[in-house]
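The sequence and structure are shown first.

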Amino acid sequence: MSYRHPERDQIRIDDVLSALGNPLRLSVIRLLDAGGDHNCTSVLTTLGVPAKSTMTHHWRVLRESGVIFQRPSGRENLLTLRRDDLDARYPGLLDAVLAGSRADELLGA
């Protein structure tokens, strides 16, 4: 299976902000921000999402907006944050969004 990923210059701010505007997707990004590849199952387990089917839409939104790379690896899919591409297109945006998300979490929002 092959997935559609926009090239760096095709990433658009409205798509990125829309993708990051969902609390569950933002939680995924916070997890992926640790770096490296993460398999879908480990992400779901960490976030407490019971079914893979629940996340199919969210993976697509994140992938097609240019926020993550998703690639098959055996029976799993691996997810990687496209930090380099996002930082090149919108310097400081990802850091600001993640810092705001962490601050909200500390406030219990």
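## Helix 2 and its partners

Helix 2 and helix 3 cross in a right-handed sense, where right-handed denotes that the near helix is turned clockwise from the far one by less than a right angle, and left-handed that it is turned anticlockwise. The model is a predicted one, in which local features need pLDDT of at least 70, side-chain atom pairs count only at pLDDT 80 or more, and totals for chains, interfaces and linings use all residues. Residues are numbered from 1 along each chain as its sequence is written, and side-chain values use heavy atoms, with hydrogens and water left out. Helices (H or I, at least four residues) and strands (E, at least two) are DSSP runs, numbered from the N terminus.

The axes of helix 2 and helix 3 (residues 40-47) come within 11 Å and cross at roughly 115°. Axes here are lines fitted to C-alpha atoms, for helices over the stretch in contact, and angles run from 0 to 180 degrees between N-to-C directions. Helix 2 and helix 3 are therefore roughly perpendicular to each other; angles under 35 degrees count as roughly parallel, over 145 as roughly antiparallel, 65 to 115 as roughly perpendicular and the rest as oblique. On the side of helix 2 the contact involves L24, S27, V28, L31 and L32, and on the side of helix 3 it involves V43, T46 and L47, contact meaning heavy atoms within 4.5 Å. By class, the contact of helix 2 with helix 3 has 6 nonpolar, 2 polar and no charged residues. In this classification Ala, Val, Leu, Ile, Met, Phe, Trp, Tyr, Cys and Pro count as nonpolar, Asp, Glu, Lys and Arg as charged, and the others, Gly among them, as polar.

Helix 2 also packs with helix 6, at an angle of about 110° and with the axes 11 Å apart. The pair formed by helix 2 and helix 6 is therefore roughly perpendicular. From helix 2, L26, I29 and R30 meet L94, V97, L98, S101, R102 and E105 of helix 6. The contact of helix 2 with helix 6 divides into 5 nonpolar, 1 polar and 3 charged residues.

## Helix 1 against helix 6

Helix 1 (residues 13-20) packs with helix 6 (residues 93-107) at an angle of about 20°, their axes lying 12 Å apart. That angle makes helix 1 roughly parallel to helix 6. Helix 1 passes helix 6 in a right-handed crossing. The contact is made by I13, V16, L17 and L20 of helix 1 together with L93, L94 and V97 of helix 6. By class, the contact of helix 1 with helix 6 has 7 nonpolar residues, with no polar and no charged ones.

The axis geometry of the packed pairs is collected below.

| Helix pair | Angle | Axis separation |
|---|---|---|
| Helix 2 and helix 3 | roughly 115° | within 11 Å |
| Helix 2 and helix 6 | about 110° | 11 Å |
| Helix 1 and helix 6 | about 20° | 12 Å |

## Selected residues

R30 is placed in helix 2 (residues 23-32). At 23% relative accessibility, R30 counts as partly exposed; buried means under 20% relative accessible area, exposed over 50%, and partly exposed in between (1.4 Å probe, protein chains only). Leaving aside neighbours within four places in sequence, R30 is in contact with L98, S101, R102 and E105. The side chains of R30 and S101 make a polar contact of 3.4 Å. A polar contact is a pair of N or O atoms within 3.5 Å; within protein, one must be able to donate a hydrogen and the other to accept it, and residues adjacent in sequence count only if both atoms are side-chain atoms. R30 and V97 are 67 residues apart in sequence, with a C-alpha to C-alpha distance of 9.6 Å.

H58 belongs to helix 4 (residues 52-64) and is buried, with a relative accessible area of 11%. Not counting residues up to four places away in sequence, H58 touches N22, L24 and R25. The side chains of H58 and R25 are joined by a polar contact of 3.0 Å.

I11 lies in the segment before helix 1 and is buried, with a relative accessible area of 0%. Residues touched by I11, not counting those up to four places away in sequence, are P6, V16, S65, G66, R82, D85, L86, R89 and Y90.

S73, in strand 2 (residues 68-73), is partly exposed at a relative accessible area of 34%. D84, in helix 5 (residues 83-89), is exposed, with a relative accessible area of 60%.
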